[in-house]
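I opened my notebook for a first look at a protein that is new to me.

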Amino acid sequence: VELSGGAWLLFEPGETLTAVDLNSGSLAFDQANRLAIPKLAEQIRQRNIAGLIILDALQLATKPERAAFDKSLRQAFHDDPCIQEIAPINPQGIVILQRRRLGLSMNEALEATRYQQASDASKALDSLAHLKRQAGLGDPRGLLSRTLLEMIADKVGVEPIRELLHD
């Protein structure tokens with residue numbers, strides 16, 4: 001997620017936690033940290049990220065810098081009902097947040113959609129193969145319109161259709 005001034009947040013969802021890395025681009029570290037906090041809170045809510053969230057903030061060397069960052073982070077999440085805990089930032093700039101799960105995260109929803117599309121594509125190919133066997137034809141193009149084949153090809157890609165037509 002791009003921030004102004006060339007900084008960005010990188011979200012890395014994993015099985016056990018989500019890692020978020022803040023990169024400063026051409027900005028000073030303190031400026032990038034300030035810009036990242038509201039965007040981080042917004043993105044975590046929009047993506048519905050739950051469980052452990054590890055943020056790698058940029059060099060917060062002094063206690064006052066860490067305290068200011070911590071205060072801003074807590075303010076950004078004050079109205080998020082899913083936040084269960086925000087651990088104090090450590091000297092290395094690592095913050096651990098814990099957020100309650102409410103439904104699927106954006107990443108999980110996308111994975112479910114991809115799985116369903118793959119399942120639909122497999123069903124379409126199976127049906128095409130079945131029609132081919134039932135008709136006893138080496139080439140099912142006599143049974144299926146070009147438009148139907150194009151629709152299936154859009155779902156599964158061209159190669160599986162091409163392979164099926166030429167076997």
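Here are my entries, from the whole chain down to single residues.

**Ground rules.** I am working with a predicted model, where local features need pLDDT of at least 70 and side-chain atom pairs count only at pLDDT 80 or more, while totals for chains, interfaces and linings use all residues. I number residues from 1 along each chain as its sequence is written, and side-chain values use heavy atoms, with hydrogens and water left out.

**Confidence.** I looked up pLDDT, the predictor's confidence in each residue from 0 to 100. The mean for the protein chain is 76, and 62% of its residues reach 70 or more. Over residues 139-143 the pLDDT is below 50, and this stretch has nine contacts in the model beyond near neighbours in sequence. Contact here means heavy atoms within 4.5 Å.

**The whole chain.** I found five helices and five strands, in the sequence pattern β-β-α-β-α-β-β-α-α-α. Both kinds of element are DSSP runs numbered from the N terminus: helices are H or I with at least four residues, strands are E with at least two. Of the 167 residues, 35% are buried. Buried means under 20% relative accessible area, exposed means over 50%, and partly exposed lies in between (1.4 Å probe, protein chains only). Among contacts with a separation of 6 or more, 54% join residues 24 or more positions apart.

**The core.** Which residues have the most contacts inside the largest nonpolar core? They are L9, L40, F69, L73, F77 and V95, in a core of 28 residues. Such a core is a set of buried Ala, Val, Leu, Ile, Met, Phe, Trp, Tyr and Cys residues joined through side-chain atoms within 4.5 Å. Helix 1 gives the largest share, six residues. I then followed L40, which is in contact with L9, F11, V20, L55, L73 and F77, leaving aside neighbours within four places in sequence.

**Helix 2.** Residues 63-76 form this helix of 14 residues, which reaches 20 Å from its first C-alpha to its last, close to the 20 Å expected at 1.5 Å a residue. That expected span is 1.5 Å times one less than the number of residues. I noted R66, F69, D70, L73 and A76 as its buried residues. They lie on the same side of helix 2 because they cover an arc of only 125° around the axis, the arc being that of the directions from the helix axis to the C-beta atoms. What covers them includes helix 1 (29-47), strand 3 (51-56), strand 4 (83-86) and strand 5 (94-99). The face turned away from the buried side carries the exposed residues K63, P64 and K71.

**I54.** This residue sits in strand 3. I54 and L97 are 43 residues apart in sequence, yet 6.4 Å apart in space, C-alpha to C-alpha. Not counting residues up to four places away in sequence, I54 touches L17, T18, A19, V20, I94, V95 and I96.

**Two loop residues.** S26, in the loop between strand 2 and helix 1, counts as exposed because its relative accessibility is 68%. S26 and A7 are 19 residues apart in sequence and 6.9 Å apart in space, C-alpha to C-alpha.
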